Amino acid sequence: KNANAANADVIVKNGNNLLVLVADQKTSPVIDASNGNVSIDGEVRMRGQEGQKLIDAGSEKEVVIGGGEIRNADTGAGDGTVSNPAIDMKDGSSVYIGEYVDSSNKKVFSNRDVQFTGDVKNTKGSFNIALMTDKSYWDGDYQNEDAEFNIDINHHGAKWSGSANGDVINVNLTQGTWVNMGASSSTGNNFTLKGGGAGKAFLDMSNASSGNVTIDNYSGGMTIIYGHEAATPTTIPGGTVRIVNAAQGSVINMMTLNAGVDMNDPDSILDTMNAVAHKLLYTNYATEGNIKGTVGIGEGLTRPTMVTHIADYKFDDEPASIDRTTLRDTFAHGDIVYGDTETAMMHGAKMAMASTTMTWRAENNDLLKRMGDLRLKKDE
């Protein structure tokens, strides 16, 4: 059944029970909030037909969904454009995905899986989505007019693949990955990104369709991932990342694969690193100077999972450039850097193997000592 709030509010307390929603007909949205609010505190399953909207939020209306699967049939998600939006928001409307209304009538994160495939068109409203679990993702683009967009990504497995363009854009990338598809910027110079740490928060610019990203206000730390042409490693596809203003203590690390790079030739390594560094632009580098970081080259099949060589970059101009005197081998310095593809299971397995190896070495050392005692006693 669809959730029709055409004449009154709809409130569903389904808790841990899955709520399956379908529209009565193809021309109707699955959730119709044209004249009433809709609140569902648990998980839903919505799969739209071709050309069908999933959520239609009317003027000044509110839709809250705790989590679940929200999938549009013909979204074109992740191509940098919004043509057939899965969520269509009118003046003053508010949509919250991955949140619920608590007993004090406040919106809080649900910490439920959110699996959303679809674009969002927001006209003078507020769109909010929270990806807080390892299975949570959003594949889609966002576009607004005089509106607000807030996304919270807070799990190492959580991922948003898409672009954002509009007035007010707030990205809280605490941990997880944003795969930029197309160009992303704010028409009102109000694009804010907060990173949770260079080893936790990742901006992936390695996709061929990745356009320029302009972040007006940056703070915290993150790692930017780029690809390169194996035949010519200094050719770096994808757009640039421009930081206009940065808070004190801001960190941005960058990494790419070692494919096609002569890892025995420092110049080959540094030239590739420098080409990657040039993708980072800092508008107020001369007056602020608040961004620091490194560029690394790593091992991996399709994306760097472990960085083996790093060097510091600097800003003598808007684009960053490598300080060629700072190249170092992370293995030699015990400063190995891991990419965003190391899962919790991989980390646990690595620690278990390291622990087993150390135990074996200790026991083997004792055995050799005892064998030595036996040999000495025989001679006596």
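Which strands are included in what covers the buried residues of H1? I put this to a predicted model, and I found that the cover includes strand E23 (250–257), strand E24 (280–282), strand E26 (294–299), strand E27 (306–314) and strand E28 (321–322).

**Entry on helix H1.** I then listed the buried residues of H1, which are Ser-268, Ile-269, Leu-270, Thr-272, Met-273, Ala-275, Val-276 and Ala-277. Checking the length, I noted that H1 has 12 residues and spans 16 Å from its first C-alpha to its last, close to the 16 Å expected at 1.5 Å a residue. At the start of the helix I looked for side-chain contacts to the backbone, and there a side-chain oxygen of Asp-265 comes to within 3.1 Å of the backbone nitrogen of Asp-267.

**Entry on the cores.** I looked up the largest nonpolar core, which holds 73 residues, and saw that Phe-127 and Trp-138 touch the most other members. Helix H1 (residues 266–277) supplies the largest share of this core, namely six residues. I also recorded a second, separate core of five residues, among them Phe-202, Ile-225, Met-255 and Val-307. As background I keep in mind that in soluble globular proteins nonpolar side chains tend to be buried together.

**Entry on Phe-127 and Asn-128.** Setting aside neighbours within four places in sequence, I find Phe-127 in contact with residues including Ile-87, Met-89, Phe-116, Trp-138, Tyr-142, Phe-149 and Asn-150. Asn-128, which lies in strand E14, was my next stop. Is Asn-128 buried or exposed? I count Asn-128 as buried, because its relative accessible area is 8%, under the 20% cut-off. Its side chain is joined to that of Asn-150 by a polar contact of 2.9 Å, and, not counting residues up to four places away in sequence, Asn-128 touches Val-95, Tyr-96, Ile-97, Glu-99 and Asn-150.

**Entry on positive phi.** Most residues other than glycine have a negative phi, so I looked up two exceptions. Lys-124 has a phi near 60° and sits in the loop between strand E13 (120–123) and strand E14 (126–131). Asn-189 has a phi near 55°, but its place is in strand E19 (residues 182–196).

Terms used: Residues numbered from 1 in each chain as written. Predicted model: local features only at pLDDT ≥ 70, side-chain atom pairs only at ≥ 80, totals over all residues. Heavy atoms only, no water. Helix = DSSP H or I, 4+ residues; strand = E, 2+ residues; numbered from the N terminus. Core = buried A, V, L, I, M, F, W, Y, C linked by side-chain atoms within 4.5 Å. Buried < 20%, exposed > 50% of the residue type's maximum accessible area, 1.4 Å probe, protein only. Contact = heavy atoms within 4.5 Å. Polar contact = N/O pair within 3.5 Å; in protein donor to acceptor, adjacent residues only side chain to side chain. Expected span 1.5 Å × (residues − 1).
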